[in-house]
Amino acid sequence: MQEQVKNGDGIIELKGLTKRFGEIVVLNDISLTFEKGKTTVIIGPSGCGKTVLIKHIIVLLRPSSGEIYFHNQRIDNLDERELGKVRAQMGFLFQGGALFDSLTVYENILFPVKQHTQTKDTRKLDEIVKMKLAMVGMDGFQNYYPARLSGGQKKRVALARAVALNPEVILYDEPTTGLDPIRADIINELILKTQKELGVTSIVVTHDMNSAYKIGDRIIMLHNGKILIDGNAETFKNSTLPIVQGFIRGKVSEKDLKSLQVSFEDIKIDGIQ
Amino acid sequence: MAELKQQKGSMVEQLGGATVRMVGNCGRFSRFQADSLVASFAACFRPATYPLIWNQMLAIGVRSVPVVMITGAFVGMVLAIQAYDQLAGLGIEEHLGVLINLSVVKELGPVLAAVMLAGRVGGALTAELGTMNVTEQILAVRSMGTDPIRYLVAPRLIACLFLTPFLIIYADFLGMIGGYLISVPYLGINSRAYWSLSAAGVEMFDITVGIAKGFFFGAAIAGVSCYKGFHCKEGAQGVGEACTEAFVGSFIIILAIDFVLVVVFKAIYASIWPIKILL
């Protein structure tokens, strides 16, 4: 069922990745290769380990066992200083944007630029910010503080910050969650545009199937910490697995339905009528 | 009962679990402090960090001047009122100046200024970093290839370390003024006797010791507050708890450091005393 990636096309490789939090196994022996220049979407129900997986790719979390490779270089065992150089080649869009509240939009976007380059020319820095903001349709918001922006605007500014250093890989953690369908589609279009114009490798974690179909060259579904299915939109539509069909259609399983069968009248607490 | 026992484990298991957690926390705390000190030392030689340090110095130092001065002034005033009756009973009320000024510069000025800073600065640092932690902003700093300890902790630690001694000078100064205003104009002690006895009783060493304590207190406040902010639990309650723990932790550490420093400085004073007589 898994798609084979040709040798040399893979930019990021996970080998036997396992993550445990105490006794709970969140990721269980996952091996994956992400293809260069393609958009890979990881889907799955909430709590299945999608965000944990994407945080491992940029080594914000260290695996309990297994290895992570970027450009065939093992990165999960590097120290934070060495990882800094690797992370500068990746952009990470957090679920809530994670913009710095105490900095303006302008300063937020320049944060990675100032940390990794020696550019001091104000005019050049202004141009970088203007270009990145124009790319996400937010030019003119330079002097706004994040608190004054809406949820969708925050994500767009966060995307502009994520691409500020022209990374090779962009990781998106639930980019459309919490947005109305139109704002969500704007983000989808931006992901497609970013991939097309910058030629980046995108890895998107989502539970929004419309988004997955629209942007994904490859879609992977996680279930109970393991890869359940790996293919493209057609593979998913044609899958006969009940879990996959249930997830695509947003239909609750019989087991979950049973757990909801308890009536409010059945719940009686002593002393309360 | 059996269920409860199974859930919570036996007493030995609970004790063992608590010990393991405590050792783990001590290790994390020590490692965080070591990383912070190394990052702060490196930041002193990185001009790119200077603007961040100036900003923190403004927030931590300059804006704390009024509260620290008020604290100092009241300490001096209260000491004068409290001690007057005892000294007057012995007929040595002119010595009030020595008592007030020595207490203020050696102990009360530094300790109370540091406690005030632990509340004002420590609380703000923990709340700010704690909120950044729960909204994934610290993770965002890491994801962009920057060490959050270097970017967030080092400027705060440097600002606290260098400005707490200056704030103590303000507290001492106002403590002396407050003590004087109550002793001389209000209690009617002879001004000349007040100052000449104070000058004879308070040595340069006493003032230096009080100010030197500020470096340690400043480092303790920043160290504990930043650590609590970085390791706070999720949610508004988590940030609130972290702020409380940071204040209580800083307070206790300030008192403990004060005790150790008193012992150390006393030993230093005893060892230089014979040389001083010769000079």
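Let's start with helix 6 of chain A: its buried residues are A:Ala184, A:Ile187, A:Asn188, A:Leu190, A:Ile191 and A:Thr194. Buried means that 20 or more other C-beta atoms lie within 10 Å of the residue's own; exposed means 12 or fewer, partly exposed is in between, and C-beta atoms are placed from the backbone. Helices (H or I, at least four residues) and strands (E, at least two) are DSSP runs, numbered from the N terminus.

A word on the source: this is a predicted model, where local features need pLDDT of at least 70, side-chain atom pairs count only at pLDDT 80 or more, and totals for chains, interfaces and linings use all residues. Residues are numbered from 1 along each chain as its sequence is written, while chains are lettered from A and ligands numbered from 1 in the order in which they are written.

Back to helix 6. Seen down the axis of helix 6 of chain A, the buried residues fall within an arc of 155 degrees, so they line one face of the helix. That arc is taken from the directions from the helix axis to the C-beta atoms. Why one face? An α-helix has 3.6 residues a turn, so residues three or four places apart point the same way.

What is exposed on the other side of helix 6 of chain A? A:Pro181, A:Ile182, A:Lys193, A:Lys196 and A:Glu197.

And what do the buried residues pack against? Helix 5 (151-162), strand 7, strand 8 and helix 7 (209-215) of chain A. Contact here means C-beta atoms, placed from the backbone, within 7 Å.

Chain A has an open sheet of six strands, in the order 6-7-8-3-9-10, with mixed pairing. Two strands pair if DSSP finds at least two bridges between them. Strand 6 (90-93) and strand 10 (226-231) of chain A stand at the edges with a single partner strand each, so one side of each has no neighbour in the sheet.

Strand 3 (residues 39-43) and strand 8 (residues 201-206) of chain A run parallel, joined by five bridges. There, A:Val41 stands opposite A:Val204 in strand 8 of chain A.

Last, the partner chain. 16 residues of chain A are in contact with eleven residues of chain B. Helix 2 (80-87) and helix 3 (105-116) of chain A each supply at least two residues of that side of chain A.

Conventions: Two residues are in contact if their C-beta atoms, placed from the backbone, lie within 7 Å.
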